Amino acid sequence: MLYFQSDYILGAHPTVLEALVKTNLEPLAGYGTDPYTESASKKIKQACQLEDAEVYLLTGGTQTNKIVIDTMLMPYEGVIAADTGHIAVHEAGAIEHSEHKVLTVPQYEGKLNAQDVRQLIEFFYADSNQEHMVYPGMLYISHPTEYGTLYSKAELEELSALCKEFDIPLFVDGARLAYGLASNDTDVDLATLAKLVDVFYIGGTKVGALAGEAVVFTKNNMPKRFNTRVKQFGAMLAKGRLLSVQFDALFTNDLYFKLGEHAIDMAEQLKVILREKNYPFYLASPTNQQFVVVTKDHYQKIAEIVTTGFWETLDENHIVIRFATSWSTTQEDIDQLKELLPHYEL
């Protein structure tokens, strides 16, 4: 069986695992006060070209989204997101569970449009009943999006300017950030992203770590008593080393960026295979997630040899499925897929 259903099906990259084993019997202080946290933070700041950034390590994406949004918003504020955004669809109402409404706008291949965001905010402030409503207090996007698409530098600049105009933070979910930065079709690097947004996170769970997301506050804007708020969420690890050692390894010798580049190389080969075997693409994704349209019958046929991710139902007979490459995808995986994947008959 071949495995292309997601980018977190294996454990950790050998270098990361080796670092965990090597430091396993080293006595370290807890709660993120160990030297590896300091080292990882320093390396991340250097990579962002933002020496005065504040870095905080958390365990997973949903946890990170919930904590960042809750701590940066007032109780009467909500967060704006695309209607297909991860926080709006695939986080089981985690944001609403923290009593913040997700205010959705239309999506265009996973991305939101600055004009739709402006319209939502301006309509809100034009409403004389606004004191009885949820205030738009933050803009959330993911890069890459749920559909593997990317924001251009110009689009990020427009969203950044809009957020500054209305004095709300721009928050970027970077669960798959390495794959976006490594894309052959992007003009956004890590330093550019860090400059344009107010807070973002560097995903480790999907890029070579056992677990972990590195939150970066870019403008000396870490919420007051952030440590205490994290503790209230039950998200402060006593053994902070679990995260810090991994991120210290990922940001040594550019490993994080190399893992992203590897996944994109595998994805480019995957796209060629899918085209050659006549699979219609649902949209053009420049990252590690590739979405194709198949009949339900054909889906059952390919499920015998390769696991893919079900994405959505198109109509009575057709569904969208996802093939995902990652840091762990091998050339052998790609070669076997080319040999075994059945040709698709329209």
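1. Strand 7 (residues 199-203) pairs with strand 8 in the antiparallel sense over 5 bridges; two strands pair if DSSP finds at least two bridges between them. Strands (E, at least two residues) and helices (H or I, at least four) are DSSP runs, numbered from the N terminus. Val 199 has Phe 217 as its bridge partner in strand 8.

2. A word on the source: this is a predicted model, where local features need pLDDT of at least 70 and side-chain atom pairs count only at pLDDT 80 or more, while totals for chains, interfaces and linings use all residues. Residues are numbered from 1 along each chain as its sequence is written, and side-chain values use heavy atoms, with hydrogens and water left out.

3. Now look at the other partner: strand 2 (residues 54-58) runs antiparallel to strand 8 and is joined to it by 5 bridges.

4. Strand 8 (residues 213-217) is largely enclosed by the rest of the structure, because 5 of its 5 residues are buried (under 20% relative accessible area, 1.4 Å probe, protein chains only). Glu 213, Val 215 and Phe 217 point one way, and Ala 214 and Val 216 the other way.

5. Next, find Asp 7 in the loop between strand 1 (2-3) and helix 1 (14-22). Asp 7 is buried, with a relative accessible area of 1%. Its contacts (heavy atoms within 4.5 Å) beyond four places in sequence include Tyr 179, Lys 206 and Trp 327.

6. The side chain of Asp 7 makes a polar contact of 2.6 Å with that of Arg 176 and one of 3.0 Å with that of Asn 288. A polar contact is a pair of N or O atoms within 3.5 Å; within protein, one must be able to donate a hydrogen and the other to accept it, and residues adjacent in sequence count only if both atoms are side-chain atoms.

Terms used. Buried < 20%, exposed > 50% of the residue type's maximum accessible area, 1.4 Å probe, protein only.
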